[in-house]
Amino acid sequence: MSTSIADIVHFLEALAPPAYQESYDNAGLLTGSGNWDCTGVLTTLDATEEVVMEAVSCRCNLIVAHHPIIFGGLKKITGRNYVERTVIAAIKRDIAIYAIHTNLDNVVAGGVNGRIAQRLGIVGGKPLLPREGTLQKLYCFVPSDHLESVRAAVFAAGAGHIGGYSECSYSVEGTGTFTAGVGTNPYVGEPGRRHYEKEGRLEVIVPTHLSREVVQAMIAAHPYEEVAYDLVPLANSHPGVGSGLIGELPAEMGETEFLDRVRREFEVPVIRHTRLTGRPVKKVAVCGGAGSFLISRALAAGANFYVTSDVKYHEFFDANDHLVVADIGHFESEQFTVDLLFEVLQEKFRNFAVLKSVVKTNPIKYYY
Ligand SMILES: [Zn+2]
């Protein structure tokens, strides 16, 4: 049985929906075709020319990378820089490159930050900056004898998830009215005469990116010719989707003890950090990759420690002696994303090889 590149993309996009990527991002299939049969997958943080050659030698025609190699526009492809050379190498050798970037950052539990939290022993992680505009409420009016089949259909299409709970809905019985007009074919009642029907009002929460599928499933399971429903955007933020993560250590630790843990777990030669506060560490915030935009959120959330990377000189001042900001390096902070991608793909697909790149793509070296 063969698996297409599109099958793998479909699986990854259920894990980290493209709708959750940031507006500046360029996640998705960057080279190659979804129609190709997959011969093997190579997972990596960065798809560089060296990683493309590694994929060729391992007979993997799909690279699943965290960072999109094509990020801004490409106006010329002549091989002047590493982006152009990587794209040329991939196209010449029929290598597909798929990037799963800020959409994977923003899926808190199963994403980049969930893996960092796991490494540091942080439990109960929630988004530091929950994402808004991701949820809608569907209200639909269903004759009582079809209420359960419509409920099952919208659940199957992805509605009704709240945190760790699934199949969440609410329904109440009432009476609907309608008068069928000329040329209609009503499920019940006579054309031209007002009809009263026992109906249930079904309410269910829907992820915005699945609302089309859920509405289609509802209409397909509904007996009426014209289905009455309301799809309403919610101001609620998503409990499991957003930037960064905040959680707690099961027991308090000293600040240097925690720094030691970070250094050991992430194998970092050096950690740049703000002045220690002298208080024990209990609440910890993390953000893989460039995370200085969340320092104020970590402060407001009462974090004792914020582990991230790419913090600039002036941004360290923002810690204001209320928390310790620790910059562990961009590559180091996100390195376990490769394990995450490797594990989920290996578990799902057994009919081709899933490998982890052995190329150390970190462009930063340390002299100490
Ligand atoms: Zn990154």
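A: Of the protein's 368 residues, 39% are buried, a residue being buried if 20 or more other C-beta atoms, placed from the backbone, lie within 10 Å of its own. This is a predicted model, in which local features need pLDDT of at least 70 and side-chain atom pairs count only at pLDDT 80 or more, while totals for chains, interfaces and linings use all residues. Residue numbers start from 1 along each chain as its sequence is written.

The protein has 12 helices and 17 strands; these are DSSP runs numbered from the N terminus, with at least four residues for helices (H or I) and at least two for strands (E).

Now to the sheet itself. Four strands make up an open sheet, in the order E8-E9-E7-E10, with antiparallel pairing; two strands pair if DSSP finds at least two bridges between them. E8 (170-179) and E10 (229-233) are the edge strands, and each has a single partner strand, so one side of each lacks a neighbour in the sheet. On average, neighbouring strands of this sheet are turned by 25° against each other, direction ignored; the axes are lines fitted to C-alpha atoms, for helices over the stretch in contact, and angles run from 0 to 180 degrees between N-to-C directions.

E8 and E9 (residues 194-207) run antiparallel and are joined by 10 bridges. Thr 177 has Tyr 196 in E9 as its bridge partner. Helix H6 (residues 147-156) packs on the sheet and touches E7 (135-143), E8 and E9, where contact means C-beta atoms, placed from the backbone, within 7 Å. The direction of H6 makes about 20° with that of E9.

Conventions. Two residues are in contact if their C-beta atoms, placed from the backbone, lie within 7 Å. A residue is buried if 20 or more other C-beta atoms lie within 10 Å of its own, exposed if 12 or fewer, and partly exposed in between; C-beta atoms are placed from the backbone.
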